[in-house]
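Student: Please take a close look at one part for me, the surroundings of the ligand. Then carry on along the chain from there.

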Amino acid sequence: SHPAHEFCAAAGGGAGGCGGGGDGTRILIKGGTVVNAHRAEEADVYIEDGVVVAVRPNIPVGDDNVRVTDATGKYVMPGGIDPHTHLEMEFMGTVTIDDFYSGHAAALAGGTTMHIDFVIPVNGNLTAGLESYKHKAEKAAMDYGFHMAITKWNDEVSREMEVMVKEHGINSFKFFMAYKGSLMVTDDLLLQGLQKCKSLGALAMVHAENGDAVAEGQQRMIDLGITGPEGHALSRPPVLEGEATSRAIRLAKFVNTPLYVVHVMSTDAMEEIAKAKREGQRVIGEPVVSGLVLDDSWLWDPDFATASKYVMSPPIREAGHNKLLQAALSSGILQLVGTDHCTFNSTQKAFGAYDFRKIPNGVNGIEERMHIIWDSMVETGKITVTDYVRVTSTECAKIFNIYPRKGAILEGSDADIIILNPKRSFAMGARTHHSRSDTSVYEGRKGKGMVEVTISRGRVVWEDGNLNAVPGAGRYVRTPPFGYLFDGLDKSDAVYRASLRAPVRRGEAAAA
Ligand SMILES: NC(=O)NCCC(=O)O
Ligand SMILES: [Zn+2]
Ligand SMILES: [Zn+2]
């Protein structure tokens, strides 16, 4: 019998309904362990037209036109969603080397099937920024969404934010508290931005470092004659990340709006998030792969080409922070893992050969994230397999309000799926990766777990080491406002208002 229509009818009430991919491809994944964030089960997965149509044991093969993939002994999981990337970004006088094609090729080969990139406004103008990124994304090979950075403030920006949310499907705005003289915002701007975000049901995101103090720290290093990559770490210590994280959290509390802290690199920042969470504040902390598994010792490598690869902001910290960030991810203080994939090749990194302040900031990771988190967190027993799905995919889909279309293998979800073989091993490096960069901060890294198959909206794009990333196949995913972090916020606002008491003056009290 032909299973397609039978299941198609059943999928009607699901996240996306039938007809997602539209190319008629039918795939049956048999015999694997299907893992969602809420449970793992032995089941088959039937996909048609880019959409998951059925998830249950013993789905019959049907006819010859169904492509059958055996997943016995393997995990069938939602494709990764990377919440933090910078593809083809103009930054520090150059442009990141991976664009929406090469970055997507790398992502798909590593089991990531969607990402959310940061649109950078053009001279502060949001509309111009979006137009530029729409053009960059025409070659997308996988699905993507956008966050938008806010770099200046006036009535026009405030109006444009509303247009971005209501017309363009952007539900998150990022404020850089560092990069003085380029992207950095003042507290005044941050406060205006937080208030606007709250009114729109959009999530405020911060790069939390004290940019004024960083500039001071950089000058200190130069005055001391420290011009090499180690000066990068020395000039912007964890205390500056902790300070900005605390400041952003407190301003978000004052406004009563949720806050998302990107690339939490230090225990100083993590502890501020933990404290706010303990007090009931809605704060999301995003560690990135580099911060979870690397340490800053590389920055002291005498070879500039090696040391400069590791320059990113906030800096990769000294050993110890990484393990504590892993523990915070295990315990839920930190909630989802990004990469901050922001890749520059060795020629670009060499712009700062005589002055660390000119080394373009950023590291790779979009291709490595899924493997490294599996190896360092699941293989070591720090998180469960269902937690793995949550921190690499589902939580991102929930926060940015696209669940369960993304981040799940449920009837009606987009068929963004990976098959991971826990018995195989991986080895990483610039010679074999799909990024355009000639270097990798994960050079020579080996570990357990291999993404053998990646399915992007119902098309097999990675199998047995063969990549079939098609430019233009990726679609823009709109992210609607008022995600779960906003649930009930109006009620806490009402409680706050009710708590405001006008002073009761002596005479009035007597008369009453
Ligand atoms: N992180 C970094 O060094 N580069 C990308 C821009 C940013 O996220 O701050
Ligand atoms: Zn940043
Ligand atoms: Zn970033």
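Tutor: A residue counts as near a molecule or strand if its C-beta atom, placed from the backbone, lies within 6 Å of it. The model is predicted, with local features needing pLDDT of at least 70 and side-chain atom pairs counting only at pLDDT 80 or more, while totals for chains, interfaces and linings use all residues. Residues are numbered from 1 along each chain as its sequence is written, and chains are lettered from A and ligands numbered from 1 in the order in which they are written.

Around ligand 1 stand His86, His207, Met312, Ser313, Asp340, Cys342, Asn361 and Gly362. This shell has 2 nonpolar, 5 polar and 1 charged residues (nonpolar: Ala, Val, Leu, Ile, Met, Phe, Trp, Tyr, Cys and Pro; charged: Asp, Glu, Lys and Arg; polar: the others, Gly among them).

Ser313, one of the shell residues, is joined to Pro314 by a cis peptide bond, with omega near -10°. Most peptide bonds are trans. Pro314 sits in the loop between α11 (304–309) and α12 (321–331); helices (H or I, at least four residues) and strands (E, at least two) are DSSP runs numbered from the N terminus. Another cis bond runs from Tyr403 to Pro404, with omega near 5°. Pro404 belongs to the loop between α15 (385–399) and β15 (417–427).

That brings us to α15 and its neighbour. The axes of α14 (residues 369–378) and α15 come within 11 Å and cross at roughly 140°. Axes here are lines fitted to C-alpha atoms, for helices over the stretch in contact, and angles run from 0 to 180 degrees between N-to-C directions. The angle makes α14 oblique to α15, because angles under 35 degrees count as roughly parallel, over 145 as roughly antiparallel, 65 to 115 as roughly perpendicular and the rest as oblique. The crossing is right-handed: the near helix is turned clockwise from the far one by less than a right angle. From α14, Met370, Ile373, Trp374, Met377 and Val378 meet Val385, Tyr388, Val391 and Thr392 of α15, contact being C-beta atoms, placed from the backbone, within 7 Å. By class, that contact has 8 nonpolar, 1 polar and no charged residues.

For another pair, take α8 (residues 238–255) and α9 (residues 267–278), which pack at about 25° with axes 7 Å apart. The angle makes α8 roughly parallel to α9. Here the contact has 6 nonpolar, 3 polar and 3 charged residues.

Notes. Two residues are in contact if their C-beta atoms, placed from the backbone, lie within 7 Å.
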